Amino acid sequence: MAKVHPTERQVSGPCSMNSAGKETFTIWMKSLVCHTNGCTVFDSKGQIVYRVENYDTKGSSEVHLMNLHGHVLFTILKKKLQILGCWNGYRGNFTSRKKEKPSFQVKKCCRILRGDRVCEVRVGFNKYFMVSLGRKKQGFKIVNSGGDIIAEVKQKQLPTGMVLGDDVLTLEIEPSIDQALTVALVLVYGLMNRRL
């Protein structure tokens with residue numbers, strides 16, 4: 001069976017860094033459980049590091065990002081009655097509906113005013129944007145308010161140049177960026193586009 005994970009040089013640790021110092025992951029927008037929606041995230045060694053098993057319908061209003069062992073890292077909830085779409089992310093298994101502040105919030109940008117910005121992301125007092133890579137390109141990047149790229153998602157391409165299906169993506173994250181948070185933001189992007 002062919003492997004879908006990156007073929008970068010191998011180093012010890014949960015993931016590998018490519019020549020630019022970025023950590024590389026492969027996201028397969030499929031669940032490992034039959035007949036469910038979700039996704040699986042592999043590190044550069046082909047090991048599963050994150051997963052989502054969504055037993056409800058696609059575009060669910062509640063999704064849980066888990067590690068390999070099923071421990072919930074983030075709970076992502078879609079806010080109801082939002083015109084453009086808004087998602088809140090909470091660390092851990094958010095079961096109580098108290099007035100707890102979310103760890104992050106993602107708001108879809110208005111199509112007329114947004115330019116190439118797809119979403120605005122707030123993590124505490126920090127602001128980030130999800131920016132489209134273009135209409136013909138599959139993917140997006142996450143940039144900080146200064147325009148610096150902190151992560152980029154694009155369709156996976158093999159070293160031979162062959163592009164894999166639109167359900168296999170490469171995620172590159174800058175060093176010292178919270179990996180679980182970045183994967184959670186990618187999941188929100190997938191929810192917005194009804195891929196989960």
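How many helices and strands are there in the protein? The count is 1 helix and 12 strands. Keep in mind that this is a predicted model.

Now read along the sequence. The pattern is β-β-β-β-β-β-β-β-β-β-β-β-α. So how do the strands sit together? The 12 strands close into a barrel, in the order 1-2-3-4-5-6-7-8-9-10-11-12, with antiparallel pairing. From one strand to the next, the twist averages 20°. A quick reminder on pairing. Strands of a sheet pair through backbone hydrogen bonds, either parallel or antiparallel.

Let's take some pairs. Start with strand 2 and strand 3. They run antiparallel, joined by 6 bridges. Find Val-41, and you'll see Tyr-50 of strand 3 opposite. The hairpin of these two strands has 5 residues between them, and there Gly-46 takes a positive phi near 85°. Strand 3 also pairs with strand 4, antiparallel, over 2 bridges. In that pair, Arg-51 stands opposite Met-66 of strand 4.

Is strand 3 enclosed or open? It is largely enclosed by the rest of the structure, because 6 of its 7 residues are buried.

Move on to strand 8, residues 117-123. On one side is strand 7, residues 104-108, paired with strand 8 in the antiparallel sense over 4 bridges. Lys-107 faces Glu-120 of strand 8 there. Strand 8 also pairs with strand 9, residues 126-132, antiparallel over 6 bridges. Here Arg-122 stands opposite Lys-127 of strand 9. The hairpin of strand 8 and strand 9 has 2 residues between the strands, and Gly-124 has a positive phi near 65°.

Next, strand 11 and strand 12. Strand 11 covers residues 149-155, strand 12 covers 168-173, and 5 bridges join them, antiparallel. Ala-151 has Ile-173 in strand 12 as its bridge partner. Stay in strand 12 and look at Thr-170. Why does Thr-170 count as buried? Because its relative accessibility is 11%, and buried means under 20%. Leaving aside neighbours within four places in sequence, Thr-170 is in contact with several residues, including Thr-24, Phe-25 and Glu-152.

Now the helix. Helix 1 covers residues 179-192 and lies across strands that include strand 1, strand 5 and strand 12. It runs at about 30° to strand 5. Helix 1 has 14 residues and reaches 20 Å from its first C-alpha to its last. That is close to the 20 Å expected at 1.5 Å a residue. Look at its start. A side-chain oxygen of Asp-178 reaches to within 3.1 Å of the backbone nitrogen of Ala-180.

How many residues of helix 1 are buried? The number is 14 of 14.

Which residues touch the most other members of the largest nonpolar core? They are Phe-104, Met-130 and Leu-171, in a core of 40 residues. Helix 1 gives the largest share of this core, 11 residues. Zoom in on Phe-104. Not counting residues up to four places away in sequence, Phe-104 touches residues that include Phe-74, Trp-87, Leu-181, Leu-185 and Val-188.

One last number. Take the contacts in the protein with a separation of 6 or more: 32% of them come from residues 24 or more positions apart. Thanks, everyone.

Methods: Residues numbered from 1 in each chain as written. Predicted model: local features only at pLDDT ≥ 70, side-chain atom pairs only at ≥ 80, totals over all residues. Heavy atoms only, no water. Pairing = 2+ DSSP bridges. Axes fitted to C-alpha atoms, helices over the stretch in contact; angles between N-to-C directions. Contact = heavy atoms within 4.5 Å. Core = buried A, V, L, I, M, F, W, Y, C linked by side-chain atoms within 4.5 Å. Buried < 20%, exposed > 50% of the residue type's maximum accessible area, 1.4 Å probe, protein only. Expected span 1.5 Å × (residues − 1). Polar contact = N/O pair within 3.5 Å; in protein donor to acceptor, adjacent residues only side chain to side chain.
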